[in-house]
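Have the viewer open as you go through it.

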Amino acid sequence: MHETDVLIVGAGPVGLSLAIDLGRRGISCVVVERSDGIIRHPRATAQNARTMEFFRRWGIAETVKAAGAPPDYPHTVLYVTNLNGFEIARFERASHGGLKPLAISPERPQRVNQLFLDPILLQHASSYESVSLRYRNEFESYVETDDGIVATVNVQGAVESVAARYVVDCTGTRAVVRRALGIEMEGRAGIDYNVSIFFKVPELWSYHDKGKAALHFFVDAGGITRNLVQLDGRELWRLGVSDRQLYEHPETVDAERLITECVGTRVPFELLGVSCWTAHDLVARSYRRGRAFLAGDAAHLNPPSGGFGLNTGMGDVVDLGWKLSAVLAGWGGPQLLDSYECERRPIAARNVRQSTENYLRGLQIKIDPEIADDSAAGAQARSTLGEHIRKIQGRTFTTDGTALGYIYAGSPIVYDDGSPQPEDTIMEYHPTSRPGARAPHAWLAEGRSVLDLFGDRFVLLRFGIDAPNTEAFERVFAKRRVPLHTVSIEDPDLARLYERRLALVRPDGHVAWRADESPRDPDAIVEVVRGGV
Ligand SMILES: Cc1cc2nc3c(=O)[nH]c(=O)nc-3n(C[C@H](O)[C@H](O)[C@H](O)COP(=O)(O)OP(=O)(O)OC[C@H]3O[C@@H](n4cnc5c(N)ncnc54)[C@H](O)[C@@H]3O)c2cc1C
């Protein structure tokens, strides 16, 4: 029987990241994973700026960037009839990739496929003494006891028990804990069926004249049902085909024909694998039952358009990690763990809805039968379609608002100041220090963001030379053993960005409270933000 604080079931990117977030807080956890941990087929590639900020917090952002496409590889999105045919639309996405920081974040969205990302997460998770990773360990069931859970794990035929205080289901679509608990998903299952063809062609761009791109969509009279994703900036590619027949009979996939049709000419390629996946539009009805929590794909499933599966899961991890550790350390209040569902479920619903809209909007674009004709009518069809795509599809590919602008409105552990709720935008992010929002980024010094202050404990920011005295506030935190660090900042630009003279930022980097004056009843605020009421 093993004893641990948190049993994490599933070592996908979400389970591994939760192990990292808990490991760096010194919380003991056991991660059980049924497979050998080797990634054989590429899934997520797009890491948004928020996910990159978490990697920065964990000290792995540079390693992650180095493992992805070279910094000068463009994040361009192309719509073409085929790569040797006609170009219809193009999105350049100059703010993605590379190393130069943006105004809105110390990190830029990157392209690092799970083929390369997951091993980095695995290595980093295993660097923490309090984290134990167990592969070929299949979770089977668990029972809840008075002060924890006891899980049954199948270790290559032998049955073992793991005792823990909490269990987190990070098993993706299998969702073994969620299913065992009977927590249903809400929404639409199976909105589309796809096959993915994983193959290698070094410098595929040298076989056509459209230049390097990250995403390529192929347009024909039947619609836009095929796309080609660049995976490493060099030689690895994934061709996605929306086709129920092929999904049901993947053994009939003719990779050579499909690749040739998309490139528009025969290219020498090495087939690395074929895999099937289903697009869903689903969110779990609840994220917690007793001592069990759901995170990542176990809690929400969306089509990949916009890149929100893994990225939403990372947000779950960062919300849950500090709350579990606060409760285990004794300073988290009785409401803290319930706030996980209140905060994260609405964000999943928002991201899943947006992904589904992106996906269906792309599939439903009507195509003129003359689209690929080398004629005046064909040119007209391409010009009309290109204009339409540029108008409607930008919000699939640029999503700074979605990635950075989510606000935990109505959260029981956020001290709402009654200020109006900012509009929820998709493409553009508008910084705000409204309680519940991600605390905005600004540079404190060369290479050092205000975001680098957050992660380990609450941070009380005092702005301006005449910032209010906060000693009484600090005393109340100390009395409740809630870790707090106070930072005074004189920079007037930063003070303006934060809109108030005082801002209290939680360990996950979200604003918990803000005001221009020290609170008259600091106790009341501490009680709310630590989940005490
Ligand atoms: C084609 C495609 C492209 C995508 N592109 C993007 C993208 O660009 N950006 C993005 O954000 N998302 C993208 N996604 C979604 C992304 O891949 C998922 O959201 C992400 O992998 C979910 O991570 P997870 O850790 O929750 O689950 P998973 O990655 O599914 O991991 C679950 C783990 O649990 C293990 N497990 C299952 N059952 C058990 C058990 N009983 N005991 C122990 N272990 C168990 C599994 O073996 C697995 O390792 C894409 C998905 C697809 C299909």
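The largest cavity in this predicted model has 14 residues in its lining, and Asn48, Asn311, Asn351, Ala403 and Tyr406 sit nearest its centre. Helices H2 (49-57), H8 (309-329), H9 (338-363) and H11 (400-404) are the elements that each give two or more residues to that lining.

**Cavities**
- Counting cavities of 30 Å³ or more, the structure holds 2.
- The largest cavity comes out at about 80 Å³, and its lining splits into 7 polar, 5 nonpolar and 2 charged residues.
- Around the second largest cavity you'll find Thr45, Ala69, Tyr73, Arg111, Ala214, Gln230, Leu231, Asp232 and Gly233, which sort into 4 nonpolar, 3 polar and 2 charged.

**Ligand contacts**
- Thr45 has a polar backbone atom 3.2 Å from an oxygen atom of the ligand.
- For Ala46, a backbone N or O atom is 3.0 Å from a ligand oxygen.
- Phe139 puts a polar backbone atom 3.0 Å from a nitrogen atom of the ligand.
- On its own the ligand would expose 1000 Å², and the protein buries 90% of that.

**Ligand shell**
- Helix H1 (13-23), strand E2 (29-33), strand E8 (137-144) and helix H8 are the elements giving two or more residues to the shell around the ligand.
- There are 31 residues around the ligand, with Glu33, Arg43, Gln114, Asp297 and Leu310 coming nearest.
- By class, the shell has 13 nonpolar, 11 polar and 7 charged residues.

Conventions
Residues are numbered from 1 along each chain as its sequence is written. This is a predicted model: local features need pLDDT of at least 70, side-chain atom pairs count only at pLDDT 80 or more; totals for chains, interfaces and linings use all residues. Side-chain values use heavy atoms; hydrogens and water are left out. On a 1 Å grid over the protein atoms alone, a cavity is a set of points where a 1.4 Å probe fits but cannot get out, and a pocket is an open set with protein on both sides within 12 Å along at least five of seven lines; lining residues have an atom within 4 Å of a point. Grid points are joined across faces, edges and corners, and a volume is the space filled by probe spheres set on the points. Helices (H or I, at least four residues) and strands (E, at least two) are DSSP runs, numbered from the N terminus. Ala, Val, Leu, Ile, Met, Phe, Trp, Tyr, Cys and Pro count as nonpolar, Asp, Glu, Lys and Arg as charged, and the others, Gly among them, as polar. A residue is near a molecule or strand if one of its heavy atoms lies within 4 Å of it. A polar contact is a pair of N or O atoms within 3.5 Å; within protein, one must be able to donate a hydrogen and the other to accept it, and residues adjacent in sequence count only if both atoms are side-chain atoms. Accessible areas come from the Shrake-Rupley method with a 1.4 Å probe; for residues, only the protein chains shown count as cover.
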